[in-house]
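Please view the sequence and the model first.

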Amino acid sequence: MTFYERLVRDTAAERDELHTIPLVRRAMQAGASRTLYQSFLTEAYHHVKHTFPLLALAASRTNDERYRAPLLRHQLAKD
């Protein structure tokens, strides 16, 4: 099974939940305005920008491998 196939399989429930959000459903059916899409990209940028440093900080502050290993995997995935 390829990485993509695993990703699709492992995120099916979350994807289905995302598709229940009225704004997302409307954008998928009718498209999104340029302004809405730019707003989305702006927010997504800030989310991504701050996620990896927070994962690294969390990993550095725990000795519990149940948490540390997954946090480090996510941190390494960005490289």
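Predicted model: local features only at pLDDT ≥ 70, side-chain atom pairs only at ≥ 80, totals over all residues.

Residues are numbered from 1 along each chain as its sequence is written, and side-chain values use heavy atoms, with hydrogens and water left out.

**Largest pocket**

- The largest pocket holds about 250 Å³ of space; a pocket is an open set of points on a 1 Å grid over the protein atoms alone, where a 1.4 Å probe fits and protein lies on both sides within 12 Å along at least five of seven lines.
- Its lining consists of L18, L23, V24, A27, A32, L36, Y37, S39 and F40, where a lining residue has an atom within 4 Å of a point.
- Helix 3 and helix 4 (34–60) are the elements that give two or more residues to this lining; helices are DSSP runs (H or I, at least four residues), numbered from the N terminus.
- Helix 4 contributes the most to the lining, with 4 residues.
- By class, the lining has 8 nonpolar residues, 1 polar residue and no charged residues.

**Nonpolar surface patch**

- L18, I21, L23 and L36 make a nonpolar surface patch of about 310 Å²; such a patch joins nonpolar side chains within 5 Å, from residues with over 30% relative accessible area and no salt bridge.
- L23 belongs to helix 3 (residues 22–30) and counts as partly exposed because its relative accessibility is 41%; buried means under 20% relative accessible area, exposed over 50%, and partly exposed in between (1.4 Å probe, protein chains only).

**Salt bridges**

- The whole structure contains 2 salt bridges, each defined as a side-chain nitrogen of Lys or Arg within 4 Å of a carboxyl oxygen of Asp or Glu.
- Side chains of opposite charge can pair when their charged atoms come close.
- R66 is exposed, with a relative accessible area of 62%, whereas D64 is partly exposed at 23%.

**Distances along the chain and in space**

- A59, in helix 4, is buried because its relative accessible area is 1%.
- A59 and A32 are 27 residues apart in sequence, and their C-alpha atoms are 37 Å apart in space.
- R15 lies in helix 2 (residues 12–18) and is partly exposed, at 30% relative accessibility.
- R15 and P70 are 55 residues apart along the chain, with 21 Å between their C-alpha atoms.

Key: Patch = residues over 30% accessible without salt bridge, like charges linked within 9 Å, V, L, I, M, F, W, Y side chains within 5 Å. Areas by Shrake-Rupley, 256 points an atom, 1.4 Å probe, with all protein chains shown as cover. Points joined across faces, edges and corners; volume = space filled by probe spheres on them. Nonpolar A, V, L, I, M, F, W, Y, C, P; charged D, E, K, R; others polar.
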